[in-house]
Amino acid sequence: MKNNQFLFLLVLTYFALGFVNIHFAILGLVCMTLPFILLFRNRKKNWCQGYCPRASLLNTTGKLTSKFSLKTPAFFIQGKMKWIMIIYFGISLIFITMSTVRVGLGFSPALEYLRFLIVIPLPFEMPQLIIFERLPVWLTHLSYRFYSMMLTTTFIGVILSLVYKPRTWCTICPISTISGAYIKYTR
């Protein structure tokens with residue numbers, strides 16, 4: 001896809017929808033599954049190279065400081081940071097899954113606030129412009145956890161795009177790392 005410069009609007013829409021109703025955060029699953037569907041079908045990083053809305057956002061924000069940006073550190077490109085992010089992402093998904101199961105089984109209350117890096121509560125409440133009645137509490141919990149993870153990784157990506165090259169996040173993105181490993185080991 002050559003004309004992806006406005007895909008960043010999907011990222012902004014995603015985060016805006018969280019203020020309308022947090023349950024829209026589940027739409028983020030599309031950005032986690034579609035890359036792998038494309039990968040298995042084409043055996044290429046089609047998502048990363050042309051469809052990723054976050055990459056579009058990072059290209060856009062990175063242009064603001066591109067004249068002053070630093071070179072991307074070698075440990076980002078050569079692998080160590082990639083695997084640190086895979087471990088972080090895996091731990092996040094385990095926490096999200098296990099806590100959602102606990103809420104669903106009635107062992108824990110739903111957490112209805114955002115967290116940064118899994119553990120740091122953010123000091124504001126999400127306004128909910130539309131309330132959906134009778135949704136299970138585990139779905140609300142899952143939505144807040146998922147939105148928190150997307151917010152954390154997008155924030156890190158934007159900071160990296162402003163300090164380093166625009167798509168520095170893409171060098172350590174778990175989706176990109178897993179896709180690259182899949183391509184390498186299935187040849």
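Trainee: Which residue lies over the face of tyrosine 113?
Mentor: Arginine 145 does, at 5.7 Å from the ring centre. A charge counts as sitting over a ring if NZ of Lys or CZ of Arg is within 6 Å of the ring centre and within 35 degrees of the ring normal.

Trainee: What sort of model is this?
Mentor: This is a predicted model, in which local features need pLDDT of at least 70 and side-chain atom pairs count only at pLDDT 80 or more, while totals for chains, interfaces and linings use all residues. Residues are numbered from 1 along each chain as its sequence is written, and side-chain values use heavy atoms, with hydrogens and water left out.

Trainee: How many aromatic pairs does the structure hold?
Mentor: The structure holds ten. One of them joins tyrosine 14 and tyrosine 147, a stacked pair with 5.8 Å from centre to centre and 20° between the planes. Rings of Phe, Tyr and Trp (its six-membered ring) pair if their centres lie within 6.5 Å; planes under 30 degrees apart are stacked, over 60 edge-to-face, and the rest tilted.

Trainee: Which parts does the tyrosine 14 and tyrosine 147 pair tie together?
Mentor: Tyrosine 14 belongs to helix α1 (residues 8–20) and tyrosine 147 to helix α7 (residues 137–163), so the pair ties together parts 133 residues apart in sequence. Helices (H or I, at least four residues) and strands (E, at least two) are DSSP runs, numbered from the N terminus.

Trainee: And is tyrosine 14 buried or exposed?
Mentor: Tyrosine 14 counts as buried because its relative accessibility is 9%. Buried means under 20% relative accessible area, exposed over 50%, and partly exposed in between (1.4 Å probe, protein chains only). Tyrosine 147 is buried too, at 2%.

Trainee: How far apart are the ring centres of phenylalanine 116 and phenylalanine 155?
Mentor: Those centres are 5.5 Å apart and the planes stand at 85°, so the pair is edge-to-face. The pair links distant parts of the chain, with phenylalanine 116 in strand β1 (residues 115–116) and phenylalanine 155 in helix α7, 39 residues apart. Phenylalanine 116 is buried at 19% relative accessibility, whereas phenylalanine 155 is partly exposed at 46%.

Trainee: Switching to helices: at what angle do α4 and α7 pack?
Mentor: Helix α4 (residues 53–62) packs against α7 at about 35°, with the axes 8 Å apart. Axes are lines fitted to C-alpha atoms, for helices over the stretch in contact, and angles run from 0 to 180 degrees between N-to-C directions.

Trainee: Is that crossing of α4 and α7 left-handed or right-handed?
Mentor: The crossing is right-handed.

Trainee: Which residues make the contact?
Mentor: Among them are Leu57 and Leu58 of α4, and Met150 and Val158 of α7. Contact means heavy atoms within 4.5 Å.

Trainee: What about leucine 70, where is it found?
Mentor: Leucine 70 is in the loop between α4 and α5 (74–77), and it is partly exposed at 48% relative accessibility. Its C-alpha is 4.6 Å from that of tyrosine 164, although the two are 94 residues apart in sequence. Leaving aside neighbours within four places in sequence, leucine 70 is in contact with Val163, Tyr164 and Lys165.

Trainee: Last one: what is phi of leucine 117 near?
Mentor: Phi of leucine 117 is near 55°, a positive value in a residue other than glycine. Most residues other than glycine have a negative phi. Isoleucine 118 also has a positive phi, of about 70°. Leucine 117 and isoleucine 118 are both in the loop between β1 and β2 (120–121).

Note on methods:
Left-handed = near helix turned anticlockwise from the far one by under 90°.
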